[in-house]
Amino acid sequence: MLEIITSQISFLILLSLFFIGAIGSLFFKKNDALSNAWSNFFAITGSLLGLIFSIFLIIKEKTLSFTFNQYSFSFFTPSFNIDMLSAFFIFIISLITLFCSIYGSSYIKHFYKKYSIGALGFFYNLFIIGMLLVVSASNGLFFLIAWEIMSIASYFLVVYDRNDKNNIKAGFLYLVMTYVGTAFIILSFLLLYKYTKSFDFAVIKSGIALIPLSVKNAIFIFSLIGFGTKAGIIPFHIWLPVAHPSAPSHVSALMSGVMIKTGIYMIIRLSLDMLQPIPLWWGLTILIIGSVSTLLGVLHALTEHDIKKLLACHSIENIGIILLGIGSSMIFYSLNMPSLALLGLIAALFHTLNHAIFKSLLFLSAGSVINEMHTRNMEKYGGLIKYMPQTAIFFLIGSMAISALPPFNGFFSEWLTFQTLFQGIMQFDPSLQWIFIIAAGSLTFTGGLALACFVKAFGSIFLARPRSANITHVKESSLSMRISMGVLALLSILFGIFSGYTTILLEKIGKNFTIFQNTPSFISTNYYKNLSIGSNFASVSTPALFILLIFAIFLVIFTFRYIINKNQKIKINDTWNCGTQLTPRMEITATGFARSIILIFKGILKPSIQHEIEYHDAESRYLPKSRTITLSVGNMYHSYFYQPLHTIINGLSLRIKNIQSGNINTYISYIFIALIIALFTVL
Amino acid sequence: MSILIWIIQLIFVPVVSPLCVGIIRKIKAKLQNRQGANILQPYKDLWKLLHKDEIISKDASWIFQYAPFIIFAVTIVVGASIPLFSSFLNNTLTSDILVIIYMLSIGTFFLALAGMDTGGGFGGFGSSREMTISALAEGGLIFSLLTVAIASNTTNLFTISNANIFTSGQSFLPIILAFSGFFIVLLAETARFPFDNPATHLELTMVHEAMILEYSGKKLALMEWASSNKLLIFIALGSNLFFPLGIAQSANINAIIFGIFAFIIKIFIFCLVIALLESSMAKFRFFRLPDLLIVSFILNIMAICLIH
């Protein structure tokens, strides 16, 4: 039985379940309800099977590789290699897909009669197949096909709500950025092929010594741009805050929680597995990119008042945190400190898992709110905790987890990342130390700013008085939506409490890497599930922390409520407001909340204020009819990176256009010149 | 014996913390040529508030209702996890620098949410300012404690305190720099001058008082108590990590009594410095506060670079 579960058959069944889901939902596209049920049923079954498959692979520490030689061409072989790293990513994909599908089954009901549910189910399942193939493919060309399936399917999901012009624009930007990224990925695969004469990952890995260092550096830069675009590192992130919000919420959860991690997967695969040994500066680059992405990601999130854009910006931040782990791992390994390198990798993998959980939880609960309020603008919410109490708790748990508050899961992966960076500060002399100081510094500020950002988000969505009249018909979301959010919230507590176990499992995955095969461990757990770093350098016991906090809270509530002055009377009355009438406009808004932080960081964010006043009489200008104040934050990537790039490319194209004279004689002479050059090069 | 020490450790912070506030108020009053209230006045205030009835805003949700309990509980847990008068207690479960800092963040998180929950004009702005200050203070806080952690080669607070950086042959300069950075953060996190004015309500720039404006009765008592606990926690961190003199290093009864005595003297010195500062300087404009916090961060970075 176990043999079958961890065999290739089970993986193929897994893929075919999603495939049946995709085709079937197109087949039944006339009937919305049936095609919804069909696609989500197969997605749920598939992801359950995926969970079992990946858990067994990880526990049995088995690597599964198989090839379909009968379908192979000279370069292209559909070959799979599912080692523990791939199994770990299959686990993440299946886990999040499971809850997104349960949620989606009732979430997409509001699309009935409006858009084709069949198409949604088709692309949704195809998208998951794409992601599963990406993390399991072991041949460059096959990988690219999988990558394209994933990208194109997600493009169609982004533009699904096509009546909104913004979504079409967002989809186009996404498509352009994806193809720019894919172009760089193709370049790096072609370079690998040129020197190793193969697209097969295993062959490339064994022949890596054939590649000269300069070419290897080029491969690194190309693949960093290519996979970094998908992962959403700054400055290639511009598609992320616009594309993720446009998709239906359960797809946003998948894109933000899982899809961008495929970029991370390939960065790990290339830099710590296939291209080893690597020069020191690769790790330094990743560490710098990570620090920049964390800090800028959270600052951009603070400026947003569109709830889904805010969450998308936090994905950039969290990708940065993951890269801090990967980058320090690369640096430690280049400097021959494999134990510390393993620690960094574990931190990165743990944060990848945690981010998938709490980010999809946040996107799903944001989706429930949007579903009821019909707007993504946080300034229009307010007071929802009374109307959607359970969604509010789920969002609160997600907020606490993403802000790295103990005892939730986000804290422990961030703790591990911090410990990795602290080791870097301690081990190196100032020439390398500074970079770890910058990384740790940006991580500390990110922690504080993320907390501020989620106080803003939770406060303006759920607390105080409602700001819009829409609120009267708001009700708690349906059962299946609450179940999927609830289980994700529970997981985010459980992975916090049992982070000791998880870390040990993740260490096994790390030791599955060729370079970490015989690495002595830097992490240990003891009887109390006490997670320690080094020999008594740092330790924390997550169950003790959890029990202590819960116990203290109950003790305090019990003492002060039921023992001291238990006959106290409580009156309910208005909020005091200097005697004036309370209106919703007196509450702080999301923009107002973040205003002071934006002004403090105005050097980076470049906020601008525009006043527009319309007068009753334009001549006398005494009585203003209306005043508009537009606050905006400049898009510096547009103005300093993409706009100049666009100008340069446009200018170059104009120059090149000059050779197109339209005269046939000129073209013939071009052909002649080309022929002569070709002749000389051949000779 | 060790159970007794743990019980003292658990209740020390909530029992002694109102005293700090009383001492600071008394010194400030003396400096202003006033008689001032008895130093035990904060205890009486708490007792009085605990027995009053409450008014709760009708806009408030359960966050507002339960935030005081959570915030107070967090300060109790943190207070029990840091070295107070003895450094021989070996707590490897919760006594980590980052755990302590992020646990205190739970308190800040709920405090800010509670401020927003009633929907008044004051609470929201108080929360916004509090989150701004605490976001910027976090860098200085983590890095100042990291300096002593690197100097003692551990991030466990009890071990740091026990290692006693003064006897470990470290030079004074980085420790002094890190302590200056830490002291700035102490003032910011405990809502003291020049960051916040703990004595007034309804001042334009008030931070902490604005958030707890809607509280009354028991919950106000808990909020005030939690805030004085936080003050004592920061004093304990400052005195026992940077100047671990006189702290009990063994379970000897004399050492422990001496440790408690030494700690109370250190508390008094810290209160004196805070009171002197508050009497001699004005509150800063809100947008000048980041400069001060960045100074704290830079001081700590210099300290870390010097430590090797």
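A:Phe199 is buried, at a relative accessible area of 7%. Here buried means under 20% relative accessible area, exposed over 50%, and partly exposed in between (1.4 Å probe, protein chains only). The model is predicted: local features need pLDDT of at least 70, side-chain atom pairs count only at pLDDT 80 or more, and totals for chains, interfaces and linings use all residues. Residues are numbered from 1 along each chain as its sequence is written, chains are lettered from A and ligands numbered from 1 in the order in which they are written, and side-chain values use heavy atoms, with hydrogens and water left out.

Aromatic rings were examined next. Rings of Phe, Tyr and Trp (its six-membered ring) pair if their centres lie within 6.5 Å; planes under 30 degrees apart count as stacked, over 60 as edge-to-face and the rest as tilted. The whole structure holds 68 aromatic pairs over all chains. One of them joins A:Tyr193 and A:Phe199, which are stacked, with 4.6 Å centre to centre and 10 degrees between the planes. A:Tyr193 is partly exposed, with a relative accessible area of 25%. A:Phe395 and A:Phe458 also stack, at 6.3 Å centre to centre and 25 degrees between the planes. A:Phe395 belongs to helix α15 (residues 389-402) of chain A and A:Phe458 to helix α17 (residues 430-462) of chain A, so the pair ties together parts 63 residues apart in sequence. Helices (H or I, at least four residues) and strands (E, at least two) are DSSP runs, numbered from the N terminus. Both A:Phe395 and A:Phe458 are buried. In chain B, ring pairs link B:Phe179, B:Phe182, B:Phe183, B:Phe234, B:Phe242, B:Phe243 and B:Phe270 into a cluster.

Rings also meet charges. A charge sits over a ring if NZ of Lys or CZ of Arg is within 6 Å of the ring centre and within 35 degrees of the ring normal. A:Lys230 lies over the face of A:Trp147, 5.6 Å from the ring centre. The charged end of A:Lys230 also sits over the ring of A:Trp239, at 6.0 Å from its centre.

A:Arg465 and A:Glu587 form one of them (3.7 Å, N to O). A:Arg465 lies in the loop between α17 and α18 (479-497) of chain A, and A:Glu587 in the loop between β6 (570-573) and α21 (590-600) of chain A, so parts 122 residues apart in sequence are tied together. Both A:Arg465 and A:Glu587 are buried. In chain B, the side chains of B:Lys28 and B:Glu278 meet at 2.7 Å, N to O, in a salt bridge. B:Lys28 is in helix α1 (residues 2-31) of chain B and B:Glu278 in helix α10 (residues 253-280) of chain B, 250 residues apart. B:Lys28 and B:Glu278 are buried. A network of salt bridges links A:Asp83, A:Lys205, A:Arg269 and A:Asp273.

Zero disulfides were found over all chains. A disulfide is a pair of cysteine sulfur atoms within 2.5 Å. The sulfur of A:Cys313 is 8.4 Å from the closest cysteine sulfur, in A:Cys453, which is too far for a bond. A:Cys313 is buried, at 2% relative accessibility.

Note on methods. A salt bridge is a side-chain nitrogen of Lys or Arg within 4 Å of a carboxyl oxygen of Asp or Glu.
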